[in-house]
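I opened a new notebook page for this one.

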Amino acid sequence: MEAVFPFINGLSLEDGEIQLRQTATLPAPPELGGVPTYRFAIVRQADGRAVGGCELRVGFSEVLYYAGNIGYHVDEPYRGHHYALKACRLLLDLARLHRMPQVVITCRPDNLPSRRVCEELGAKLRNTVLLPPDHPLYRQGDRRECRYILPFDEFR
């Protein structure tokens, strides 16, 4: 019998400006390489308005080599307020709770705002990789991804 992933229930991920409101837990979505995934809405605490979404993929797989452990988007009207950076910081707290040794975040080379988020988190650009034609990101039109790595030294 396969072990059940220990999702953390009743999460309170907030920083005073935003809250990550859990929308789903996916035990092993095949499109993400079969790793457990948390999905959240990024919500402004002041007015309860959802401004985007994010997810943490707990573990590693070949798919995540290119897609990373963290994914996020901020809806266009709400960009420029550092919501993605704040959401990622909260997701890093969750990654630490799961004792992940590192987090990988990827983005297209031309996505300068996402590259800035990675750099502001302290992640280091490891490499830029070509996507294989069978990867979901390739099928969406992407061809290359920058891979940023954020190691958690306290777990080594």
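Which residue forms a salt bridge with R96? I looked it up in this predicted model. The partner is D93, with the closest N and O atoms 3.4 Å apart. Both sit in helix α2, three residues apart, so about one helical turn separates them. R96 is partly exposed at 32% relative accessible area. D93 is also partly exposed, at 38%.

Next I searched the whole structure for salt bridges and found seven. One of them joins the side chains of E55 and R57, at 2.7 Å from N to O. I checked burial for this pair. E55 has 10% relative accessibility and R57 has 9%; because buried means under 20%, both count as buried. Another bridge links R108 and D110 at 3.1 Å. Here R108 is partly exposed at 35%, whereas D110 is exposed at 58%. I also noted a network: shared partners join R39, E55 and R57 through salt bridges.

Then I turned to the nonpolar packing. The largest core has 37 residues, and L20 and I70 touch the most other members. Helix α2 gives the most to this core, with ten residues. I listed the contacts of L20 beyond four places in sequence; among them are L13, F40, C54, A87 and L91. Apart from this core lies another, of seven residues, including V35, L64, V129 and L137.

Last entry: strand β6. Five of its six residues are buried, so the rest of the structure largely encloses β6. It pairs with β8 in the antiparallel sense over six bridges. I traced T106 to its bridge partner in β8, which is R147.

Notes:
Residues numbered from 1 in each chain as written. Predicted model: local features only at pLDDT ≥ 70, side-chain atom pairs only at ≥ 80, totals over all residues. Heavy atoms only, no water. Core = buried A, V, L, I, M, F, W, Y, C linked by side-chain atoms within 4.5 Å. Buried < 20%, exposed > 50% of the residue type's maximum accessible area, 1.4 Å probe, protein only. Helix = DSSP H or I, 4+ residues; strand = E, 2+ residues; numbered from the N terminus. Contact = heavy atoms within 4.5 Å. Pairing = 2+ DSSP bridges. Salt bridge = Lys/Arg side-chain N within 4 Å of Asp/Glu carboxyl O.
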